[in-house]
Each structure stands twice: as structure tokens, then as C-alpha cells.
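Subject: Structure handover

Hello,

Please find the structure below. My notes on it follow.

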Amino acid sequence: MNPTAPDACDTLVLIHQAELIATFDAQRRELRGGSLLVRGRAVAAVYAAGEVPPEVLDEVRARGELIDARRHTVTPGLVNTHHHMYQSLTRAVPAAQDAELFGWLKTLYPIWSGLTPEMVRVSTQVAMAELLLSGCTTTADHHYLFPGGVRLDDQIEAAAPIGMRLHAARGSMSVGESAGGLPPDSLVEREVDILTDTQRLIETYDDPGRYSRLRVVAAPCSPFSVSRELMRDSAVLARSLGARLHTHLAENDHDLAYSQSRFGMTPTEYAESVGWLGEDVWHAHCVKLDAHGLARFAATGTGVAHCPCSNMRLASGIAPVRRMLDAGVPVGIGVDGSASNDAAHLLNEARQALLLARVGRAMQPPQADGEGRLRYGCDLGPAEMTARDALELATRGGARVLGRDDIGHLAPGMAADLVLWPLDTLAMAGGAVHDPLAALLLCASPQVAWSLVDGRVLVREGQLTTLALGPLLERHDRLARQLVEGGRR
């Protein structure tokens, strides 16, 4: 049984007279004073200012809910394409604060070996609360650690009452230190067990239908923690069951060096050799994607989860996102693990994507123009990325990366996943007057005022409706202390 399958829904909601509705539809319409009607699980209509039919208003007032959206910007729900939710338990651990990727992992692996099913359930709910309040309505999560009886079912069951859409990625590690991998041997699994459990999870939980709230993904962790055979076999298994594929790739220089020394290939060449390029595949990071890799990703429709905060936090570098987009590579935004970010605020992640792209351009070497004069990044014309570009990565881009055509923009027939951002706040003062959409990224990142997923209100006037946050946070922090103190013994 699918624990996140929604009941039949007769929801009727009118989001009325918004300061701005940014649809991100095919025409990228932005409607001042517009309204949006939700019936059941889907958007029924998007109206320009003053165009709501009187009979619709009468019906909503009689049996539905009318949300006054004045002084709010409405956008599609944001889509998070990469996360490790369990890591909220190990944020800001002192020993890992200043490490790059491989050192960071080696520091935290012994701590994570103490994960319990309760810790997975609680950290899942904390992560989803943070995502919801930052505008996210759909999230992927890459869970690859299964000590102490932990199962992916723990996460799936904990997520069900929250109401978010979840792409649960069954991660895995099978090559430990003794076999030349990075993780300790105590955290790896037998490959036959990994494949058997992945098949069980897909067959038990995966819902491929329109408006699905739960999909299951095959997701061996990384080139430095699994074998060639597991990568190949996972791809074959997932495709035979109609599931998608996800892993980490080309995250930093050590990642490149490992692929070269272990496989004699670049990360992209290795991925292609084991069947991991295609429209049903997305890779996290790709900071070090070279020209050949970029071309192969574009030609095959392989997606990328761009995680700017984590890439800065771990000193991995700046992903070539503008070149990816110009080549046609599908790109979405990911918050990555809460121990390498150390936040899970998706709107802020989009803001960082915007800022990092501009910094990256400024760091490019000067180029000579036709008359031999040097031109620098700041003199090369339009910005590397605009606020609307970054928001598109977080909405339409993420939907494409996850293989979804029912989320990511607002139009009749699309899932009723949307958020209302407050504009009458101190942080928005002035900015919202001039551009109520760009202000979401150029001003300080706000929390949402309202959030709907599948037509259901999950955040109402800034408060979660499906979680009691206080007791959850108290329980989470008790478990965080228990986990880290156990890892120090």
C-alpha cells in the first residue's frame, strides 16, 4: 500500500487578487492583481485582474476558502532536487566545520553509523518542515545509510502525514575502505541485498501516476562508494521497473582524481560506461563537469541538481550552470545535506545560485575584444543569471530534472502546488514596490505565508498545519546530541 496516497479531495480554494502571480508557464506570464482557482488536486483557472466570474466567487464563498492574496507574490511550489535529510542531526559539528568533501565525510561517517530508525523519522519531519516554510512543495531525498535496522520505509512513513511530494532515493554504499572506497566497511551493504531492497521499495511504494506524492528512485551513492557492477545493475533494474536514477558526480577535484585513478576515466565517461546518462538520470553537483561532459549531458538529456551552498561550504567550486543551461542540460536546485549547507531553505538556495553565478563570472579571466582590448566579467554584457532565471531553476527546472510534467508551473490542469510570499515585511520594504518577484531573491529570503500541496493547505499564515513544530524540535535535538555523543566514543 502507498502510505502517501491522498484521499479523494473536494477542495475549492480561490487565491484572490495577488500583488503578483508568477506562473512560470509556457508564456512566463506575470499577472498583477490576478487570482487562481484550485479545485481538488489541480489548478482549475488562472485569472487576470478583475476576471474572476461572479459565479465562481459565489461558489467559493458558499463552500470553499477565499485567501486574500493582496500584498503577496504567488509562485509555483519550489522543487528540491537533492537532499540528505538525516544530516540535520549533525549540523555544525565542530570537527567537520572546516573540511572539504572527503575529509568531511570521513569525519562524519563514524557518527552516522549510529543512526536509528527513530532518528531517520524525526529528521525527515524536521527537514520537511524547513523545506515547506521556505517554499518547497516537492523534494527528493537521497538516503544511503542503513545501520541499526534503518530502512527507507522509516522515511516514507514519517513523510506521509506531512503532505509534501517526495522522491525517495534508495541510496547505497557497497565498496568500503578495505576495497579502496571511502566509507568504513561497517557502513557498506552486500550488493545483492541493495538490489533486492531497491526492487521491493519500488514495487511497494512507487506511484508513477499524475499528481503522485511518492516516487522511489534507485540511487547508489557515488563513484567512490559503489562498484561498477552495482551501478550497471541498478540502472538495469530501475529501467525495468520504470523508475529514475540518481547519484553524485564530479563534485570536487578529489572526486575527479578518484575517477581517473580508479577507472581511468573522467566522471562523465565513467557514468556513460555504466549506463548512467539519459533523460531518466540526474546527478548531484557536477561542479567539475568538463566540456565533453557538458556536451554528453546535453545530448542525452541528463539532469543536474545544482547545490550552491554546499559547493561553497565544502570548497568544491562553482558549477558551470550558465553553460549547462545554454547547452540545454536540465538543471534544478538542491539544498543538499543539512550538514554541508547547513540549512534547507530552498528560496535562499535559489538566491545563492543567482549570486554564485555572478561571482563565478567575475572570476573568469579577461577576454580580448575585436580590437585587442581586455574585457572583464563585469563588462561582458547581461548578467550570468537573473532572479527570474534562478526561480525558474527552482520551479520548472526542478520539475524537469525529476521527470515531472505536473508540477513546476501554474496553469489549468497542473498540480495545485503553490506558495504565497509575504511582501509587507521589513525585508521586502522598497523592493516589493519595484519588482515583487525579483525582490524574493534580491532582498532577504522570506518564509512563506501560505503553502498548498495537492490542493491542501500545509502552511497557513506562516504556521505549519500538519506538524506540531515545538515538540518535534525538542525530540530532534535530543536525538542529535545522542547521535554525536555516541560517535565520539
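Predicted model: local features only at pLDDT ≥ 70, side-chain atom pairs only at ≥ 80, totals over all residues.

Residues are numbered from 1 along each chain as its sequence is written, and side-chain values use heavy atoms, with hydrogens and water left out. Helices (H or I, at least four residues) and strands (E, at least two) are DSSP runs, numbered from the N terminus.

Helix pairs

Helix H3 (residues 117-133) packs against helix H4 (residues 152-159) at an angle of about 40°, and their axes are 8 Å apart. Axes are lines fitted to C-alpha atoms, for helices over the stretch in contact, and angles run from 0 to 180 degrees between N-to-C directions. H3 and H4 are therefore oblique to each other; angles under 35 degrees count as roughly parallel, over 145 as roughly antiparallel, 65 to 115 as roughly perpendicular and the rest as oblique. On the H3 side, the contact (heavy atoms within 4.5 Å) involves Pro-117, Val-120, Arg-121, Thr-124, Gln-125 and Met-128, which meet Asp-154, Gln-155, Ala-158 and Ala-159 of H4. By class, the residues of this contact are 5 nonpolar, 3 polar and 2 charged. Here Ala, Val, Leu, Ile, Met, Phe, Trp, Tyr, Cys and Pro count as nonpolar, Asp, Glu, Lys and Arg as charged, and the others, Gly among them, as polar.

For helix H5 (residues 191-205) and helix H6 (residues 228-241), the axes come within 11 Å and cross at roughly 20°. That makes H5 roughly parallel to H6. Residues making the contact include Ile-194, Leu-195 and Ile-202 of H5 and Leu-230, Leu-237 and Leu-241 of H6. The contact of H5 with H6 has 6 nonpolar, 3 polar and 4 charged residues.

Pocket

Helix H11 (321-327) and helix H13 (387-401) each supply at least two residues of the lining of the second largest pocket. H13 gives the largest share, 6 residues. Among the lining residues are Arg-322, Pro-330, Asp-389, Glu-392 and Arg-400. The lining divides into 5 nonpolar, 2 polar and 5 charged residues.

Backbone

Asn-341 and Asp-342 are joined by a cis peptide bond, with omega about 0°. Asp-342 lies in the loop between strand E15 (331-333) and helix H12 (346-362). Ala-92 is not a glycine, yet has a positive phi of about 55°; Ala-92 sits in the loop between strand E8 (78-80) and helix H2 (101-112).

Regards

Definitions and conventions:
1 Å grid on protein atoms, 1.4 Å probe; cavity = no way out; pocket = protein on both sides within 12 Å on 5 of 7 lines; lining within 4 Å.
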